[in-house]
Amino acid sequence: MGNAPRIGIIGVGVISKVYLETLSARGDVAIVAIADLDMARAAAVAAEVPGARALEVPALLADPDIDVVLNLTIPAAHAEIALAAIAHGKHVYGEKPLAVDLASGKQVMDAATAAGVRLGSAPDTVLGTGTQTARAVIDAGRIGRPIAATATMASPGPESWHPNPDFYFLPGGGPLMDMGPYYISALIHLLGPVTAVVGSASRLRDERVIGSGPRAGVRIPVDVDTHVTGILEHANGALSTLTTSFDSVKSSASPIEIHGEAGSLSVPDPNMFSGEVRFCALGSREWEPVDDLAGYLDAARGIGLLDMLAAETDAEVRASGRLALHTLEVMTAVLESARTGSRVALETTVERPPIVPLGSSFELTEL
Ligand SMILES: NC(=O)c1ccc[n+]([C@@H]2O[C@H](COP(=O)([O-])OP(=O)(O)OC[C@H]3O[C@@H](n4cnc5c(N)ncnc54)[C@H](O)[C@@H]3O)[C@@H](O)[C@H]2O)c1
């Protein structure tokens, strides 16, 4: 790339720290501006990043010297910020979910396509060796024809550790919209797109108590279901059973298991980049560890943005807006099915992103 892509970050809360570490460690991208609704926070973060200025959000969006907006705001703001950035001709990579409802997600995708800019979205954890190695095992035919997957995220919820957990319990939040993107993206990498879903949902409490930070002890309302289950019918015929819960005290369930006619696969936590993949062939009794076969090594959050900037064509972007939109539709359809009691056929689809060859690295090219 002639010039390092110039990145402006909007939203510098909890998750921004790890992005700043990933991006600051590279010489081929430049973080040039930081914005947040909380200007004091933006100024404090910018002071720690050489070459970065603190800007108001509209000034960052309008700045012609910014090529890419990294959108790390809360879910309810994702679509609005992305649309504004696209309207200013900027490429956008954002935290998950792409938007909090399908119509907004489509609007963002359509706007990016019409403007000819790239759109990418977390999660990028599935580009690490964990999910990618499992993908390589499936693609090599070792489990034969896949028939089913189970995917389980069962936790007590984030209010014990997040200082401002309100958004997790407002529309657009909940365990499915928050954690579903990791599991559903992984399932799409592993088994391909989904054509229809069935869902059911419930909740244990109507309020939660913040457990840490300056607001510890404050009671916050719960406006979403906090135990959400779904069955995902993949285009290849496999069925995934997904559980996402903020109502579980403890779980020993495997994050993801894939079952095929010739073997089963245990896939590590898709919220992590690495972890042990285990395989058991039909006729065998014990899991066997699988050596890393694919994926970015030593990756951290932000690799999806770098992968997007390095891709020679839009179709090669792995943590793409297309994948995020399909993931969003899976989630909103599960919630719709839970509400209506009906099976929901999906409108969107997506190609499986290209596998990440083991230890891939890249030079960023001009977009
Ligand atoms: N916290 C985590 O562990 C974690 C992990 C992975 C992904 N994420 C995702 O990252 C995103 C941010 O989460 P977080 O935990 O950092 O939240 P946070 O509340 O700690 O930080 C969000 C920041 O965005 C700012 N903001 C909100 N709306 C804005 C707007 N309209 N314009 C400008 N700034 C705005 C807030 O002032 C705040 O500084 C969410 O989408 C979340 O799902 C969080």
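**Notebook: pockets, sheets and cavities**

**Entry 1, largest pocket.** I started with the lining of the largest pocket, where α4 gives the largest share, five residues. Before going on, I noted that this is a predicted model, in which local features need pLDDT of at least 70 and side-chain atom pairs count only at pLDDT 80 or more, while totals for chains, interfaces and linings use all residues. Residues are numbered from 1 along each chain as its sequence is written, and side-chain values use heavy atoms, with hydrogens and water left out.

For the record, helices (H or I, at least four residues) and strands (E, at least two) are DSSP runs numbered from the N terminus. Pockets and cavities come from a 1 Å grid over the protein atoms alone: a cavity is a set of points where a 1.4 Å probe fits but cannot get out, and a pocket is an open set with protein on both sides within 12 Å along at least five of seven lines. A residue counts as lining if it has an atom within 4 Å of a point. Grid points are joined across faces, edges and corners, and a volume is the space filled by probe spheres set on the points.

The largest pocket holds about 1,200 Å³ of space. I count 46 lining residues for it, with Val14, Ile15, Ile74, His162 and Phe167 nearest the centre. At least two lining residues come from each of α1, α2 (39-48), α4 (75-87) and α7 (174-191). By class I get 24 nonpolar, eleven polar and eleven charged; here Ala, Val, Leu, Ile, Met, Phe, Trp, Tyr, Cys and Pro are nonpolar, Asp, Glu, Lys and Arg are charged, and the others, Gly among them, are polar. Domain 1 and domain 2 each put at least three residues into this lining.

Domain bounds here come from an automatic or database domain assignment. I have domain 1 as 6-124 + 300-318 and domain 2 as 127-294 + 328-345. Their centres, taken over C-alpha atoms, are 25 Å apart. With contact meaning heavy atoms within 4.5 Å, 18 residues of domain 1 touch 17 residues of domain 2.

I traced an open sheet of six strands, β3-β2-β1-β4-β5-β6, paired in parallel. At its edges are β3 (53-54) and β6 (119-121), each with a single partner strand, so one side of each has no neighbour in the sheet. Two strands pair if DSSP finds at least two bridges between them; β4 (68-71) and β5 (91-94) have four bridges, and Leu70 sits opposite Tyr93 in β5.

Next, the helices on this sheet. Axes are lines fitted to C-alpha atoms (for helices, over the stretch in contact), with angles from 0 to 180 degrees between N-to-C directions. Helix α1 (16-24) lies across β1 (6-10), β2 (30-35), β4 and β5, at about 155° to β2. Helix α8 (303-310) lies across β1, β4, β5 and β6, at about 155° to β5.

Nine strands make a second open sheet, in the order β16-β15-β14-β13-β7-β12-β11-β8-β17, with mixed pairing. The edge strands β16 (288-290) and β17 (344-345) each pair on one side only. I looked at β7 (146-154) and β13 (256-260): they run antiparallel, joined by five bridges, and Ala151 has Ile256 in β13 as its bridge partner. Helix α6 (129-139) packs on the sheet, touching β7, β13, β14 (263-267), β15 (277-281) and β16, at about 170° to β14.

How many cavities of 30 Å³ or more does a search of the whole structure find? It finds two. The largest cavity is about 80 Å³. Of its 15 lining residues, Ser121, Ala122, Pro123, Ala324 and Thr327 are the closest to the centre. Two or more lining residues come from each of α7 and α9, with α9 giving the most, five residues. The lining is ten nonpolar, four polar and one charged.

The second largest cavity is about 60 Å³. Its lining includes Asn71, His78, Tyr93, Glu95 and Ser121, and α4, β5 and β6 each give two or more residues to it.
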